[in-house]
Amino acid sequence: MGAGRARERAGETGDAASGADPALGAVRRVPTQARSRQRVEAILDAAEALVVQQGVEALTTRAIAEHAGVPVASLYQYFGDKEAVLLALAGRDTAEMDDQVAADLAALEEVGELSVAAVVRTAMEAFVAVYRRRPAFVEIYLRGRGNAAVARFGRAHNIRIAEALRDFALERGLCRDDLSPAAAELAVEVGDRVFQLAYEHDAEGDPTLVEEGVLMMTAYLERYATAAGLDGLSATAG
């Protein structure tokens with residue numbers, strides 16, 4: 001599976017216009033007209049701004065509608081409740097994150113520097129890059145896990161990204177077959193928790209905690225690495 005397929009597998013949670021189950025972050029009614037799509041984007045942008053200003057718990061559908069300049073009834077045409085708006089935002093941002101991971105892994109592969117350690121660091125740094133660009137994503141995805149819908153969304157995405165990264169590593173000979181899906185999921189869950197702690201009180205994230213997370217995940221996953229996965233494909237090939 002190429003890096004593009006890794007992105008597709010990881011990004012199956014969908015975005016605001018995907019038509020998927022609203023419980024996974026999609027709109028209730030998929031907009032087909034340009035004006036409707038613009039209205040949905042305006043609602044999401046308004047919610048994003050309010051989340052940064054007030055946090056997840058203070059968000060209301062009425063406040064979102066007012067900030068977006070649309071009637072509350074219009075919001076409910078597309079979103080069943082506040083959670084649906086939050087999940088649509090999370091879906092939009094996780095899609096961006098999956099794209100970032102895929103692009104960075106593709107660049108890593110192109111220069112011939114693939115190893116377990118390099119894949120872990122590249123994936124973690126890609127997450128950091130998106131968190132820097134999307135402060136609302138930090139509020140929703142990392143600090144908003146007290147919301148049951150957001151917690152379910154996060155768990156579902158972790159499963160998908162673990163499967164995609166495991167497939168990526170197996171197909172390139174970086175790890176052995178005994179790296180089970182459960183072990184890969186555990187590594188991703190640990191990394192997710194590291195980010196939650198790193199961004200708990202600091203909007204910029206604690207780089208020391210992130211680095212410790214990279215080292216911890218690398219040490220764990222290298223238990224399943226092949227010689228190429230430990231030394232790097234370019235080093236092994238040479």
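Me: How exposed is Arg155, at 37% relative accessibility?

Reply: Buried means under 20% relative accessible area, exposed over 50%, partly exposed in between (1.4 Å probe, protein chains only). At 37%, Arg155 is therefore partly exposed. This is a predicted model: local features need pLDDT of at least 70, side-chain atom pairs 80 or more, while totals for chains, interfaces and linings use all residues. Residues are numbered from 1 along each chain as its sequence is written, and side-chain values use heavy atoms, without hydrogens or water.

Me: Which side chain does Arg155 meet in a salt bridge?

Reply: Side chains of opposite charge can pair when their charged atoms come close. Arg155 meets Glu189 in a salt bridge, 2.6 Å from N to O (a Lys or Arg side-chain nitrogen within 4 Å of an Asp or Glu carboxyl oxygen). Arg155 is in helix α8 and Glu189 in helix α9, so the pair ties parts 34 residues apart in sequence (helices are DSSP runs of H or I, at least four residues, numbered from the N terminus). Glu189, at 25%, is partly exposed.

Me: How many salt bridges are there in the whole structure?

Reply: The search finds 14. In one of them, Arg134 meets Glu48 at 3.5 Å. Arg134 sits in the loop between α6 and α7 and Glu48 in helix α2, so this pair ties parts 86 residues apart in sequence.

Me: Is Glu48 buried or exposed?

Reply: Buried, at 16%. Arg134 is partly exposed, at 26%.

Me: Which other salt bridge does Arg134 make?

Reply: Arg134 also meets Glu96, at 2.8 Å. Glu96 lies in helix α5, so parts 38 residues apart in sequence are tied together. Glu96 is buried, at 18%.

Definitions and conventions:
Helix = DSSP H or I, 4+ residues; strand = E, 2+ residues; numbered from the N terminus.
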